[in-house]
Structures are given as structure tokens and as C-alpha cells.
Amino acid sequence: MEAISKPKKRIFLALVLASTIVTAAILYLIWKVSVPGLTEINTMLPAIFGWLIITVVGIFFIGELGIVLAILGVPMIKIIYYWAWKAINFLFPFAVGLGRIFNISKSSIEQSFVEVNNNLIMQNNFKIPAEKIMILTPHCIQLDTCVHKITRNIDNCRTCGNCSVGDMLTLARKYGIHMAVATGGTLARQMVMKVRPKAIIAVACERDLTSGIQDVFPMPVIGVMNERPFGPCFNTRVDIAKVEEAILFFLDKGDNDGR
Ligand code: SF4
């Protein structure tokens, strides 16, 4: 069984910080070797480019500090949060590259990314109407021997209890939220376009959660990691209590008093 221990936020945060330092060092070296050429064009150019680099790197550092403070519960202005998260998404591939050097697996970094994302989302106080919340999950969560076509119409599920689809559908009906099962990223995007939710509870592996969260940003997504007792992409499951916790977090309680 593929066990998933609690992901550590610090893995991703440390790698993003290290990526910024490496980026800053590279930019400094580029600036240093270009100074003679730039001076020949215009004596002001080295200073202009120098300050440009300092500003860009400074924004990254402030963004990262903002993310850490937000995770610690310090309120953050929405616009800073937006740009900080954009900066982090930009640095994500560098963080993965750096992780490779330190022998940190991509999946650990992705799990850590999802954990950081969830923590940031949890710092907000959402009040979203039920019909604007959506559970989105991949097809591998359906029992492989099930004959019911649930990707076209989720109501074809008989909620027989043999896989997590039925449990999630029961929750979706209880709270009046949307639920969709997608066979791939394109279909998932189409389903999101159709429902136009204001918040998503995504159930998937760390890889799909990471790309999905980045795809729909700035829409809030809580990522719930699936369980893979038979290995990846086959008869996966989900801890249904975590899904319900995420629904209740987003739900406007005044709009829905526990139907
Ligand atoms: S819960 Fe639904 S999808 Fe899962 S096996 Fe039963 S009928 Fe099929």
C-alpha cells in the first residue's frame, strides 16, 4: 500500500526560498558581466538594470515572507497574497529542479505544495453558496468493475458503497453542492467551465492537485490527497471526513443549515 504521511510545508517553502537565492545569484552574475557593455551604451544602464534586479528579487522575498506569515495566521492584504502566490507558482519548476539536486522527490515537493496551498486557503473566511461549490475527482476513484457511466452523469452512481464515489455523492447531495468525475485534465477544465464554481474541493494525487491548483488560480481549491491501496491510478479512495471538512469550511452556513 502506498502510504501518505502528513506532508511538510517546510519542504516546499525552503526550496522556493533557495530557488530565489539561486535566481538572485545568477541575475547578479549576469549583471556583473554585462556592466562594461551596458556602460558603453549608457552610463545609467548598469544602475537601472541593477535596481530592476533588486526590485524583482525583493518582490519574491516579500512574497515568500508574506506566505509564511499568512500560514502563521497573520492577516495578509489580498493583492499581496495574489502576487506572492503568483511568484511561488513561477518558482515551482525551479524548486523541483533544486529538489532533484538534494534528492527530494517531486511527489514530496508536490505534497508539500498542496499542504501550503490548503493552509493559505484556510486562513480565509469563505461564505460560498452551496451551488457554487464543486467536488472534482479523477476517474480512478471509481471501482474498476463498476458498470455505471458516472463521468457523463454522476447520478448514474447507485451509491452502493463499493467505492468512494458513492460516499462523495451522498455528501454532495446532503449539502447541495456539485460533484464531477473527470477522465482527464481537459474534461476537468470543461466541467469547471460549465459549473463555474467559486470554490473547488479537488480529490486526486499530488501531481494532479498541483497542476489543478495552478490551473484555476486564483479560485480557491482545497486539495485532498487520494489514498492508493492498489498503487497509482487504480481503485483509489479518499478519506471522506476530509472532504466533508472542506465542504463545511467553504459553505455559507447561513445559506445552508444542514440539509
Ligand atoms: S459507489 Fe457508485 S461508482 Fe462506486 S461502485 Fe457503487 S455504483 Fe459504482
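**Entry 1: the ligand shell.** I began with the residues around the ligand and sorted them by class: seven are nonpolar, five are polar and one is charged. I am working from a predicted model, and I keep that in mind throughout. The shell holds 13 residues. I noted the closest of these, which are C146, C157, C160, C163 and G166.

**Entry 2: the whole chain.** Next I stepped back. How many helices and strands does the protein chain have? I found eight helices and four strands. Following the sequence, I wrote down their order as α-α-α-α-β-α-β-α-β-α-β-α. I then looked up the box that the C-alpha atoms fill along the principal axes, and it is roughly 75 × 40 × 30 Å. The protein chain has 259 residues, and 33% of them count as buried. I also checked contacts with a separation of 6 or more: 67% of those in the protein chain join residues 24 or more positions apart.

**Entry 3: helix α4.** I picked out α4, which runs over residues 106-122.

Which residues of α4 are buried? My list reads I109, E110, Q111, S112, F113, V114, E115, V116, N117, N118 and L120.

Methods:
Residues are numbered from 1 along each chain as its sequence is written. This is a predicted model: local features need pLDDT of at least 70, side-chain atom pairs count only at pLDDT 80 or more; totals for chains, interfaces and linings use all residues. A residue is near a molecule or strand if its C-beta atom, placed from the backbone, lies within 6 Å of it. Ala, Val, Leu, Ile, Met, Phe, Trp, Tyr, Cys and Pro count as nonpolar, Asp, Glu, Lys and Arg as charged, and the others, Gly among them, as polar. Helices (H or I, at least four residues) and strands (E, at least two) are DSSP runs, numbered from the N terminus. The expected span of a helix is 1.5 Å times one less than its number of residues. A residue is buried if 20 or more other C-beta atoms lie within 10 Å of its own, exposed if 12 or fewer, and partly exposed in between; C-beta atoms are placed from the backbone. Two residues are in contact if their C-beta atoms, placed from the backbone, lie within 7 Å.
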